[in-house]
Amino acid sequence: RKTTYAFLSCLWGWELGIKAGLELEPIACAEGIVRVANAEMIRALRVVTVQRGIDPRGHALLAFGGAGPLHATAIAEELQMTRIICPRASGVLAALGLVVSQRRRDVQRSVFLAGDELTADGIRKNVEALADQVRHALGNAEGLELQASYELRYQGQAFELPIEANLSPDPAALRAEFESVHEERYGYRDPHGALELVTIRVTGTLPGAEVALSPEQEARAPSHHRRSVVLDGSELSLDVLRGAPAPGTELAGPSIVELDEATLLIAGGWRGQVDSGGNICLERER
């Protein structure tokens, strides 16, 4: 069975401490490494929340990855978040997302159509050629959906605006939509300006695989034991649940849940239960 994260951290911390001449005990060095890892993840989360005007306190923290749930409560407390969701398949969540996501193919062509060349027939011929490439790339599969995007600009501009439309758009309708988006983006439109169609992009999508996310009946019940751990410099004896807990199971910290592909550390002051899909939903106690 896998070597525990805590043991690896201690070995790594001890080795780094010896090599760097830090003169730290292995546990102290390992704890320092965990704090640095937490700080980096908190910094990254602030980039995609606080720096974009989003208050993380109003959202739940999704803990995924093999080791991500080990850091979840510490990160949530630093960001003053009160809810954590640890998916049943958290350790393989990215792989699961790849399985269920749409199959997609994008092809594009620079056409530079303007003036008398910007006609419905000229657009249609280019779209049909791109659509054939998409169909071939996706094996002419049933259920294939095609969408088109047209990048337009006024003559003399250096940047285009993408306009979504059907596979056989009317040039006048394209112009009307472009001018509406242009006015929204830049504050004006030029009804007499020459229009250029620079690029046509066709996207094909197929549905992803159907996956049943409800937990199956476990072959054996999760086991319970205790383990000595070090948290915030203090040695504690924690309850450890090994295996996937059944829906409805109530959990409280400090404790550890060893899932098949990930390990969840529930710090003191946190409690929750397992939902009908096998996901562990935690809340910070008031």
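A salt bridge is a side-chain nitrogen of Lys or Arg within 4 Å of a carboxyl oxygen of Asp or Glu. The views below are taken from a predicted model, and a search of the whole structure finds 18 salt bridges.

**View 1. Asp121 and Lys125 in helix H5.** The side chains of these two residues, Asp121 and Lys125, form a salt bridge with an N to O distance of 3.4 Å. Both belong to helix H5 (residues 120-137) and sit 4 residues apart, about one turn of the helix. Asp121 has a relative accessibility of 34% and counts as partly exposed.

**View 2. A salt-bridge network containing Asp121 and Lys125.** The network of salt bridges links Asp121, Arg124, Lys125 and Glu128.

**View 3. Arg135 and Asp132 in helix H5.** A salt bridge joins the side chains of Arg135 and Asp132, at 3.0 Å from N to O. Arg135 and Asp132 are separated by about one helical turn because they are 3 residues apart in helix H5. Both ends of the pair are partly exposed: Arg135 has a relative accessible area of 31%, and Asp132 has a relative accessibility of 47%.

**View 4. The salt bridge between Glu179 and Arg189.** The closest N and O atoms of Glu179 and Arg189 are 3.9 Å apart. This pair links distant parts of the chain, with Glu179 in helix H6 (residues 171-186) and Arg189 in the loop between H6 and strand S6 (195-206), 10 residues apart. Glu179 is buried, with a relative accessible area of 7%, whereas Arg189 is partly exposed at 35% relative accessibility.

Note on methods
Residues are numbered from 1 along each chain as its sequence is written. This is a predicted model: local features need pLDDT of at least 70, side-chain atom pairs count only at pLDDT 80 or more; totals for chains, interfaces and linings use all residues. Side-chain values use heavy atoms; hydrogens and water are left out. Helices (H or I, at least four residues) and strands (E, at least two) are DSSP runs, numbered from the N terminus. Buried means under 20% relative accessible area, exposed over 50%, partly exposed in between (1.4 Å probe, protein chains only).
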